[in-house]
Amino acid sequence: RSACGVASERSSFMELRSLSCLLLGVLALAGVARGLYFHISETEQKCFIEEVPAETMIVGKYKTQLFDNHQQVWLPSSPGIGMHVEIKNPFGKIMLSRHYAAEGRFTFTTHDSGEHTICIGTNTTRWFGGNRLRVHLDIQIGEYADYREVAVKEKLNDLQLRVRQLLDQVEQIVKEQAYQRVREERFRQVSDSTNARVLWWSLGQSIILILMGVWQMRHLKSFFEAKKLV
């Protein structure tokens, strides 16, 4: 084998290795950058829309911080301040409405596919001096079981636990594919309906223009006959 061929293979291998490292880094960053935080005031409510398939678990983790004007820092909220979580399904029906503590988590399972609205607000209006409240929120979609507890409870070894994780992931992928098919069918129906409406609108416009043209010709003919020009 020539030296050029060996050098070319080594260069290709290094490029593939660099690309793999880059992809792993991007995936790691994507997995970390799931949380967010926002500020709310008294009686204010923030809503988020998550589009998820049916029979999917959604887990929300949050914690609150209250701004201290004297120290100019964000401190953990007092026990008297909590959060009210309200979740609506795509049809506007309330699926969950509950008061929670200043830090905790909420879970629910969807029954319908589509856009679910998650609204978070304070459960009290008696804040100290009307300070702002910072809410750290992390919403996870899908089955996020604690597999260490599952392994201990069901006495699974490493291989069995990995197979269990893969089966859960495959199940979630199947749900996503089924939901995408439903969305595609819905979009096709909307497209067909829009195309049919455009077609009938065009035909209606053409018929109106033809009738107006005929009426104008008859009107002009009557006018010229009355003036004895024809």
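Start by selecting Lys88 and Glu86: they form a salt bridge, and their closest N and O atoms are 3.9 Å apart. A salt bridge here is a side-chain nitrogen of Lys or Arg within 4 Å of a carboxyl oxygen of Asp or Glu. Lys88 counts as partly exposed, at 30% relative accessibility, whereas Glu86 counts as buried at 15%. (Buried is under 20% relative accessible area, exposed over 50% and partly exposed in between, with a 1.4 Å probe and protein chains only.) The whole structure has 6 salt bridges.

Before moving on, a word on what you're looking at. This is a predicted model, where local features need pLDDT of at least 70 and side-chain atom pairs count only at pLDDT 80 or more, while totals for chains, interfaces and linings use all residues. Residues are numbered from 1 along each chain as its sequence is written, and side-chain values use heavy atoms, with hydrogens and water left out.

Next, select helix H2, residues 147-154. (Helices are DSSP runs of H or I with at least four residues, and they are numbered from the N terminus.) Which residues of H2 are buried? Color Tyr147, Val150 and Ala151, and you have them. They sit on the same side of H2 because they cover an arc of only 100° around the axis, taking the directions from the helix axis to the C-beta atoms. On the face turned away from that buried side, look for the exposed residues Arg148, Glu149, Val152 and Lys153. Show helix H3 (158-226) too, as it is part of what covers the buried residues of H2, where contact means heavy atoms within 4.5 Å.

Now walk along H3. Select Glu171 and Lys175, which both lie in this helix, 4 residues apart, or about one turn. They form a salt bridge, with the closest N and O atoms 4.0 Å apart. Glu171 is partly exposed, at a relative accessible area of 42%, but Lys175 is buried at 18%.

Last stop: Glu185 and Arg188, also in H3 and 3 residues apart, again about one turn of the helix. Their side chains meet in a salt bridge at 2.6 Å, N to O. Glu185 is partly exposed, with a relative accessible area of 34%, and Arg188 counts as partly exposed at 42%.

Methods. Helix = DSSP H or I, 4+ residues; strand = E, 2+ residues; numbered from the N terminus.
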